[in-house]
Amino acid sequence: MRNSGLAINLKFFLFGLFYILFFFSRCQPEKNGPGGPILIVSNISTNPFSAYYAEILRAEGLNEFDVAEMIDISARIISHYSVIIVGDIPVSEKQTAFLTTWVEKGGILIAFRPDSLLYHLFGIQQKEKKVLADKYISINAGIAAGAGITNETLQYHGKADIYTLSEAFSLATLYSDAATATPHPAVTSHNVGAGRAIAFAYDLARSVVYTRQGNPEWRGLKSNIAQGPIRSNDLFINKSGTDSLHDYIDFDKIAIPQADEQQRFLCNLILKTSPIPLPRFWYLPKALKAAIVMTGDDHNLFGTSARFEKYLKSGPNTADDVKNWNAVRATSYLYSKNKMSDEQAKYYQDQGFEIALHLFTSCADWTPKSLDDEWTAQLSEFREKYPDISKPVTNRTHCMCWSDWATQAKVQAQHGIHLDVNYYYWPGEWVRNRPGLFTGSAIPMRFADIDGSIIDCYQAPTQIVDEADINFTTFTNQLLDKALGEEGYYGAFVANMHTDISNHPGSDIIIASALKRKVPVISAKQLLTWVEGRNNSSFG
């Protein structure tokens, strides 16, 4: 078993409560936390990425933290915490002094690219300012926090500082390529008095965001690999479209959730070093290690009804079965002027299916204004067409148009859309039937803006695409087996099996693979409900 700490042993005693909490509140993780023994110290004015550690801790189930600005903390305030996380931000001599005293008394301090004033506390040196950008790390074998983490090298994105060890010891090593180690540490640990100071040479939050969302330098640029508008996958594909060695993600690592593994390493460090036991929520309900999120786009060809009827016949269908993820359910994204009637849509929603808008931008690039206008107009048409169903809360846009870094996510959030499945593992000549996680993650997490500010919209990449020329059996089996097996690559895997047609061989294969492994098949809305319910819950 690769589960660490108390994760799997909680048995989800709060599962029923999660849904109640979801209906009453929405959290703003960059501004607050549920409270507890962990403190995240940020400086939003200099580096908003420093607040993204709240999103990372929520994704890892450590919902027992506060968030504070560095300028607001003091020796008295930090005395209430057992673990402090400091982002890539400047510190003063006064702050250095009280952090040092706090560690000496037994605190656990974890910092990312720490200010040079803190080097002595972390037991590291930097004779001259050098960095190693966009390379690899390897987590050292045998350390307790590395249990369950892959022993392969992992990509990081952004800059890593080049340190030498003075009194610290190395927990992970920087690599200049996937196979070549450097003499420099990626993560260090230093025992100081009764406490410990742990330093990451790179900004993990920035690396996680870039790995998940793509190369920020490629925003608004089109690769040559597919015709049409700028799409989310263009943030990952080398601009020539033919040189996969220079894609943003190393395809030799495509099966590894590289972002997830590195933030799980941080989670393990917190759990293993904390002076008090820390409970943890699991990634999915009922101790599940995987889920299939079944979605489909219906382009006015009206295959949705027949497809949903087929799903209704594939297993149990009571309200409790739907709530507990025992029934096969799915999402269909429809144009605002779809043929389905309001009565039909209401019937299928009452059965636990999701009917949501398939935004249409004429398969063309958009501007922020034109995108907002399209959302306003088409949501209005959709509500007029379907007055008796819930407002859409998840989305896939036609052609997956993604004209810049994060405008789509921001506009969606403003219109009540809080889960996006537009990141799309396609086209076939890029995928080449290689099962994997091109965003380095299978865990829904909120988007970040170009400056690192958190956007209240979750990213759930579509990993299994029926127009990517893949072998559905091999592809699905490998994703699920690595989630359920010793690798422990847990996650919610989104599929797009177009609902233009009633009978879809790929859909049948995916569902059969999932049910054989006791993996639930759910809608995108069910996933969002769970994630928001869990993230709005806390430990007392």
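Let's start at A226. Leaving aside residues up to four places away in sequence, A226 touches R231, W426 and P427. Contact here means heavy atoms within 4.5 Å.

A word on the source. This is a predicted model, where local features need pLDDT of at least 70, side-chain atom pairs count only at pLDDT 80 or more, and totals for chains, interfaces and linings use all residues. Residues are numbered from 1 along each chain as its sequence is written, and side-chain values use heavy atoms, with hydrogens and water left out.

Back to A226. The residue sits in the loop between α6 (204–213) and α7 (258–273). Helices (H or I, at least four residues) and strands (E, at least two) are DSSP runs, numbered from the N terminus. Is A226 buried or exposed? A226 is buried, at a relative accessible area of 12%. The cut-offs: buried is under 20% relative accessible area, exposed is over 50%, and partly exposed is in between, with a 1.4 Å probe and protein chains only. One distance for scale. From A226 to G106 is 120 residues in sequence and 56 Å in space, C-alpha to C-alpha.

Next, the cysteines. There is 1 disulfide in the structure, a disulfide being a pair of cysteine sulfur atoms within 2.5 Å. C363 and C399 form the bond, S to S 1.8 Å. What does it tie together? C363 is in the loop between β16 (354–357) and α11 (368–385), and C399 is in the loop between β17 (394–395) and α12 (407–414), so the link joins parts 36 residues apart in sequence.

C363 is partly exposed, at 27% relative accessibility. C399 is buried, at 13%.

Now C401. Its closest cysteine sulfur is in C399, 5.2 Å away, too far for a bond. C401 is buried at 0% relative accessibility. C457 is buried too, also at 0%.

Last, the largest pocket. How much space lies in it? About 620 Å³. Of its 30 lining residues, D134, Q155, H157, D247 and Y248 are the closest to the centre. A pocket is an open set of points on a 1 Å grid over the protein atoms alone, where a 1.4 Å probe fits, with protein on both sides within 12 Å along at least five of seven lines; lining residues have an atom within 4 Å of a point. By class, the lining has 10 nonpolar, 7 polar and 13 charged residues.

Conventions: Points joined across faces, edges and corners; volume = space filled by probe spheres on them. Nonpolar A, V, L, I, M, F, W, Y, C, P; charged D, E, K, R; others polar.
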